[in-house]
Amino acid sequence: MTGTPQKRKLWRDVILFDGVDTLPEPMAVMVEGDRIGRVVPMTEFDEATAAGCEEMARGGVMTPGLVDCHTHLVFGGSRADEFEQRLEGASYEEIARAGGGILSTVNATRAATEAELFEAARPRLEALMRDGVTTVEIKSGYGLTVADELKMLRVARRLGQELPVRVVTTLLGAHALPPEFRDDSDGYIDLVCNEMIPAAATEGLADAVDVFCEKIAFSVAQCEQVFAAAKAHGLSIKAHAEQLSNLGGSAAAARFGALSADHIEFLDEAGVEALREADSVAVLLPGAFHTLRETRLPPIAALRAAGVPMAVATDANPGSSPIFNPTLMLNFACTLFRLTPREALAGMTAHGARALGFHEERLGRIEEGAPADLCLWHVDTPAALAYAIQPGRLRQRVFAGRVCEL
Ligand code: NIG
Ligand code: FE
C-alpha cells in the first residue's frame with residue numbers, strides 16, 4: 001500500500017474529561033491514525049514533539065466522543081397524536097393496551113421500505129452526531145416479524161456504513177406482542193428464539209439481543225428463554241426492565257451475564273446486588289422518565305454505593321422519549337436523577353461504552369491506545385455540558401482519528 005503517511009494530530013491546552021474525571025491541569029492530546037497517542041500535561045509537553053504534528057486546535061474542553069448506548073432510531077411514522085392523548089389524560093400503558101403505542105409504530109414500520117426507513121433515520125442520527133455522538137446503539141423492535149426485524153437491523157447497519165459514526169445493533173424482537181400472536185405470547189417468544197435470533201446471528205445483523213420485561217410486554221420466564229437463545233448464538237444481552245413495575249427482569253438479565261439493564265426506575269436492593277455481581281451496567285434513561293412524567297426514581301444512591309456503573313442514554317424513540325439530544329440527557333440525568341455532572345458525563349462516555357461491550361477496547365476513554373473518538377466543545381468546563389441546555393456547543397467531532405464535518 002502506498003499513500004502519504006498520516007501526520008500525528010495535536011490538540012493542545014485542552015481541559016480534559018477523560019471518560020472518568022476532569023484532569024487537574026491543561027493537557028496535550030495526540031492522535032495517531034485511529035488511536036489516541038500520547039496524553040500529557042502541558043507542563044511536560046516539549047515543543048520538539050509539536051514539530052512533527054498537525055495542530056488541530058488550541059484550548060477548549062475535550063471529552064471522549066459521546067456514546068449513546070440505548071436508542072430506537074429506526075422507525076416509521078410518528079406518535080405526535082399519542083402525545084396529545086396523554087395530555088388529555090391517557091397513560092402510556094392505557095394507550096399500549098388499546099393497541100396504540102409501540103404497535104402503532106409497528107404498523108408504520110412494517111409499511112415502510114428499507115430505503116424509507118433509512119432516509120427517516122438519517123436526520124435523527126445526524127442530530128445525535130451534531131451533539132457529539134460517535135457511537136450509537138440502535139435497536140430493532142418495531143417489525144416483530146422475522147423479515148421486518150431484519151429489515152430494521154439492515155437499516156441500522158447501513159447507517160453505520162454510510163455515516164462517520166460507530167453503530168452497534170440490537171435485536172429487540174421481544175419488544176411487544178404483535179397482533180398475529182394476540183393469544184399466543186409463548187408462540188411469539190418461540191418465533192423470536194427459534195427464527196429471529198438465529199437469522200439475525202447468521203446474517204451478522206445483530207450484536208446484542210434485548211427484551212422488554214414488563215406486564216404489558218413479556219414475563220421474566222419468557223425473557224429468560226430469549227436470553228438463553230441469544231447466548232447460544234453468541235450475542236450479548238440487554239434488557240428493558242423495571243421501567244413500570246418490579247418484575248425482577250434486571251436480576252434475570254444479570255444471571256445471564258447481561259451487558260446492561262435499562263430504565264430500572266423500580267429496581268430494588270436485590271436487583272442492584274444482582275447487577276453488581278454480574279458486572280452489568282445500569283442504563284439510566286431520563287428522557288423516558290421525563291416524557292412519561294414518571295415519579296419513581298431509579299435507585300441512584302444504592303447503585304452508587306454498590307459501585308454499579310451508571311450509563312446515561314437518550315432512549316430516542318417515537319413514544320416514550322422522542323428526544324435526539326444527548327447533552328440534554330446529561331442535564332436531565334443531573335436535574336431529575338441527581339447525578340453529578342461528572343457521573344452524567346462518564347455515563348455517556350466510558351460507562352455507555354461498557355454497556356455496549358467496549359470496555360476492553362477502552363472506547364469512551366481518552367488514554368493512550370484507546371480509539372480516537374473525541375469531541376472538542378465551546379464550554380469552559382466539562383460540567384457546563386450538563387449545566388446548560390444549549391445547542392451548538394460542539395466545536396469538533398473526531399471519529400476514528402478524523403475530524404468530521406459538523
Ligand atoms: O425504551 N420500554 C419500551 N420500549 C421503549 C419505548 C418504545 C415506544 O414507546 O415506542 C422504551 O421506552
Ligand atoms: Fe428503549
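The legends below describe close-up views of a predicted model.

Residues are numbered from 1 along each chain as its sequence is written, and chains are lettered from A and ligands numbered from 1 in the order in which they are written. Local features need pLDDT of at least 70 and side-chain atom pairs count only at pLDDT 80 or more, while totals for chains, interfaces and linings use all residues.

View 1. Domain 1 (8–64 + 365–404) and domain 2 (66–354) make up the division of the protein, with bounds that come from an automatic or database domain assignment. Taken over C-alpha atoms, the centres of domain 1 and domain 2 are 30 Å apart. To the contact, domain 1 contributes 19 residues and domain 2 contributes 21 residues; two residues are in contact if their C-beta atoms, placed from the backbone, lie within 7 Å. On the side of domain 1 that touches domain 2, the elements giving two or more residues are β5 (61–64), α16 (383–387) and β15 (394–399). Helices (H or I, at least four residues) and strands (E, at least two) are DSSP runs, numbered from the N terminus. The most comes from α16, with four residues. By class, this side of domain 1 has 13 nonpolar, two polar and four charged residues. Ala, Val, Leu, Ile, Met, Phe, Trp, Tyr, Cys and Pro count as nonpolar, Asp, Glu, Lys and Arg as charged, and the others, Gly among them, as polar.

View 2. T381 sits in the loop between β14 (374–377) and α16. T381 counts as partly exposed because it has 14 C-beta neighbours inside 10 Å; the class lies between buried (20 or more other C-beta atoms within 10 Å of the residue's own) and exposed (12 or fewer), with C-beta atoms placed from the backbone. Not counting residues up to four places away in sequence, T381 touches I15 and V61. T22 is 359 residues from T381 along the chain, and their C-alpha atoms are separated by 8.7 Å.

**View 3. Positions annotated as a binding site.** An unreviewed UniProt entry places the feature "binding site" at H70, H72, H240 and D315. These positions are spread over 246 residues of sequence but cluster in space, with a largest C-alpha distance of 12.2 Å. UniProt positions are given in the numbering used here, feature names are shortened, and annotations may be inferred rather than shown by experiment. H70 lies in the loop between β6 (66–68) and α2 (80–87), and is buried because 31 other C-beta atoms lie within 10 Å. Leaving out residues up to four places away in sequence, H70 touches E137, D262, V283, L285, A313 and D315.

**View 4. H240 in strand β10.** H240 is found in β10 and is buried, with 32 other C-beta atoms within 10 Å. Beyond residues up to four places away in sequence, H240 touches D210, V211, F212, C213, D262 and H263.

**View 5. Helix α8 and its cover.** Helix α8 (residues 220–232) has 13 residues and reaches 18 Å from its first C-alpha to its last, close to the expected 18 Å; the expected span is 1.5 Å times one less than the number of residues. Its buried residues are Q222, C223, Q225, V226, F227, A229 and A230. The cover over them includes β8 (166–174), α7 (185–202), β9 (208–213), β10 (236–241) and α9 (249–255). After α8 comes G234, which has a positive phi near 75°.

**View 6. The shell around ligand 1.** Of the 14 residues around ligand 1, I102, A288, N317, G319 and S320 come nearest; a residue is near a molecule if its C-beta atom, placed from the backbone, lies within 6 Å of it. The shell divides into four nonpolar, nine polar and one charged.
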